[in-house]
Amino acid sequence: LPGEYELAERYGVSRFTVREAMKILNSLELIDIRHGVGMFVKQATPEDYMKPMLSTMILTSNNLLTICEARLPIEVQAIGLGSERRDEKDIEELERLCDEMQKALDEDSPKEYNHLDLEFHLKIAMASKNAILYEILNMLQSFLRIQMDETVEAPNSKERSMERHRGMVAAVRQKNRQLAELLMSQHINDSIDYIRARQRGETLKA
């Protein structure tokens with residue numbers, strides 16, 4: 001990039017304004033300031049743009065509903081593409097994760113189950129071979145983890161979740177896009193229904 005003086009002249013602002021703008025761009029990891037050398041534009045990824053946006057979100061029960069609603073179209077699209085583009089290694093990884101999730105369920109380890117559940121959804125996104133879909137879900141990891149911890153109280157939620165995950169893997173293996181998308185939609189809508197019921201002060205039956 002041009003130096004501070006040249007940028008100030010070009011845009012008709014003070015050098016202080018340019019300096020502050022460069023500090024912000026550097027904090028967002030969009031540029032690299034090398035003292036004594038210069039300022040350089042970094043190769044930006046979707047993650048670079050999403051970090052500052054997501055960091056301003058406040059996590060409340062209402063936000064959990066917003067996150068689930070945002071996940072729905074993203075993850076349905078991801079598993080749809082994944083069912084068409086997956087390779088044998090993707091299937092093996094998904095089956096391994098399901099086995100580990102079942103083990104965590106049998107050992108009554110909800111936190112471990114949630115961690116593996118998150119990894120499962122990222123693996124689905126990876127199987128889609130769409131880098132943007134993957135990066136969006138990757139950036140939502142911390143929010144998804146909190147959402148999963150919040151929904152662990154739902155009656156039999158883990159047993160129902162396990163059944164859905166097995167079904168999704170089978171549908172992806174068979175390249176049955178319609179079934180895979182349906183199961184993913186049902187899975188996320190379970191969370192949406194639970195959060196809405198909890199916000200109304202209701203107890204959602206299994």
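## Helix H5 against helix H9

Glu88, Ile91, Leu94, Glu95, Cys98, Asp99, Met101, Gln102 and Leu105 in H5 meet Lys158, Glu159, Met162, His165, Arg166, Val169, Val172 and Arg173 in H9, where contact means heavy atoms within 4.5 Å. By class, this contact of H5 with H9 holds eight nonpolar, two polar and seven charged residues (Ala, Val, Leu, Ile, Met, Phe, Trp, Tyr, Cys and Pro count as nonpolar, Asp, Glu, Lys and Arg as charged, and the others, Gly among them, as polar).

The axes of H5 and H9, the latter spanning residues 157-173, come within 10 Å and cross at roughly 165°; axes are lines fitted to C-alpha atoms, for helices over the stretch in contact, and angles run from 0 to 180 degrees between N-to-C directions. H5 and H9 are therefore roughly antiparallel to each other, a term for angles over 145 degrees.

## Basis of the model

This is a predicted model, in which local features need pLDDT of at least 70 and side-chain atom pairs count only at pLDDT 80 or more, while totals for chains, interfaces and linings use all residues. Residues are numbered from 1 along each chain as its sequence is written, and side-chain values use heavy atoms, with hydrogens and water left out.

## Helix H5 against helix H6

H5 (residues 88-106) also pairs with H6 (residues 110-127), their axes coming within 9 Å and crossing at roughly 165°. That makes H5 roughly antiparallel to H6. The residues of H5 that meet H6 include Asp90, Glu93, Arg96 and Leu97, and their counterparts in H6 include Tyr113, Leu116, Phe120 and Lys123. This contact of H5 with H6 has 11 nonpolar, no polar and eight charged residues.

Definitions and conventions:
Helix = DSSP H or I, 4+ residues; strand = E, 2+ residues; numbered from the N terminus. Parallel < 35°, antiparallel > 145°, perpendicular 65-115°, else oblique.
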